[in-house]
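Trainee: I would like to learn how to read the packing in a model like this one. Could we take it feature by feature?

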Amino acid sequence: MIETLRAHSKELFPGVAVALIVAATAQFLADHYATPAMLLALLLGIAVSFLGEEGKTVAGIAFSARSLLRLGIAFLGVRVSMGLMMALGWDLIALVVGGVIATIGFGLLVARFFGHKWRFALLTAGSVAICGASAAMAISAILPRDGRSEERLIFTVMGVTVLSTLAMIAYPILVNFLGLNPVQAGVFLGGTIHDVAQVVGAGFSISEQTGDTATLVKLMRVAMLAPIVLVASLMIRAFAELPKDGTRPPLLPGFVVAFLLLAGLNSFGLIPASVSDFLSQWSRWLLLTAIAAVGMKTNLKQVLAVGGAAIALLIVETLFIAGLILAGITVLS
């Protein structure tokens with residue numbers, strides 16, 4: 001058994017190491033040039049995509065894109081605490097949860113008008129509604145796979161990351177124009193911007209109170225990842241057409257179980273702060289490494305062939321959640 005494990009590790013090491021190097025390079029560039037690390041990891045991975053096609057790195061890159069991805073999503077659970085969420089109040093909790101569910105429903109409803117079916121609709125709407133690239137990768141992991149699965153994922157990750165970055169710049173200007181108070185501004189930013197890093201950047205660019213509120217609201221959306229993935233898994237298992245190999249998605253994916261377990265432990269204060277911070281950092285690096293590996297498995301021409309209608313769908317979903325949360329804030333104020 002030890003020899004088998006050693007041989008397997010030796011086979012995976014070159015690809016995992018390359019993915020980690022790309023992730024570290026992306027983080028270095030992000031720190032120095034104020035650019036989203038996820039987007040840079042994806043683009044750098046695409047630039048060296050030949051490494052995912054042949055040679056000693058193929059197995060490790062595939063492992064990083066699948067297994068490290070799921071481990072990173074599982075570790076996201078340490079960011080979630082039910083006690084912190086309850087501090088928002090029932091009205092804001094209902095607004096945020098309703099915004100997530102309504103956005104996914106809206107995406108599934110309008111996708112047909114843009115020439116896309118339910119798989120792409122769930123992927124894009126889920127990433128817009130929950131937590132950007134991380135949600136896209138989690139939802140992609142439970143979707144029945146076909147020949148276009150990778151290109152849909154890459155397109156969605158690129159799209160939501162770019163839109164999230166634009167929102168980080170534009171939404172604080174909109175907040176000031178509308179005259180929202182710090183709490184309202186935090187709810188709007190945390191409830192609408194796709195990625196956690198961009199929420200933090202936008203919130204604290206206004207004030208500390210806005211930044212704290214925005215981060216808390218965003219973590220509530222992150223907490224929706226597990227139940228949404230669970231429900232989607234059950235629906236896919238019950239109603240979706242089986243893949244050609246006849247396999248069904250798992251009833252409850254292991255990474256969702258781990259996410260829920262860690263979130264539960266953290267909610268009861270059973271995870272020390274130092275351990276929580278450590279796992280949170282590991283989650284970030286695992287997801288960064290995974291998205292670099294996904295980039296290495298990508299054919300850019302196929303991704304770009306997804307087309308303008310897909311871009312329009314992402315934009316419409318983004319505008320929908322922004323309008324919905326803004327309307328909710330107005331009603332509650």
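Mentor: Start with a pair of helices: α9 and α11 cross in a right-handed sense. Keep in mind that this is a predicted model.

Trainee: Which residues of α9 and α11 make the contact?

Mentor: From α9 the contact takes P182, V183, A185, G186, V187, L189, G190, G191 and T192. The α11 side supplies Q209, T210, T213, A214, V217, K218 and R221. Sorted by class, the contact has seven nonpolar, seven polar and two charged residues.

Trainee: Next, the nonpolar core. Which residues of the largest one touch the most other members?

Mentor: F188 and L225 do, in a core of 97 residues. Helix α8 (residues 149-178) gives this core its largest share, ten residues. Leaving out residues up to four places away in sequence, F188 touches Y171, L174, V175, L180, A322, I325, L326 and I329. There is also a second, separate core of seven residues, with V78, L262, I271 and L279 among them.

Trainee: What describes a pair of aromatic rings?

Mentor: The distance of the ring centres and the angle of the planes. This structure holds four aromatic pairs. In one of them, F106 and F320 are stacked, 4.1 Å centre to centre with 5 degrees between the planes. F106 sits in helix α5 (residues 90-110) and F320 in helix α16 (residues 308-332), 214 residues apart.

Trainee: What is the geometry of the pair formed by F120 and F155?

Mentor: That pair is tilted, with 6.0 Å centre to centre and 45 degrees between the planes. F120 belongs to helix α6 (residues 118-129) and F155 to helix α8, so the pair ties together parts 35 residues apart in sequence. Both F120 and F155 are buried.

Trainee: Staying with helix α8, is S164 buried or exposed?

Mentor: S164, found in helix α8, is buried because its relative accessible area is 0%, and the cut-off for buried is under 20%. Setting aside neighbours within four places in sequence, S164 is in contact with I193, H194, D195 and Q198.

Definitions and conventions: Residues numbered from 1 in each chain as written. Predicted model: local features only at pLDDT ≥ 70, side-chain atom pairs only at ≥ 80, totals over all residues. Heavy atoms only, no water. Left-handed = near helix turned anticlockwise from the far one by under 90°. Helix = DSSP H or I, 4+ residues; strand = E, 2+ residues; numbered from the N terminus. Contact = heavy atoms within 4.5 Å. Nonpolar A, V, L, I, M, F, W, Y, C, P; charged D, E, K, R; others polar. Core = buried A, V, L, I, M, F, W, Y, C linked by side-chain atoms within 4.5 Å. Buried < 20%, exposed > 50% of the residue type's maximum accessible area, 1.4 Å probe, protein only. Phe/Tyr/Trp six-rings, centres within 6.5 Å; stacked < 30°, edge-to-face > 60°.
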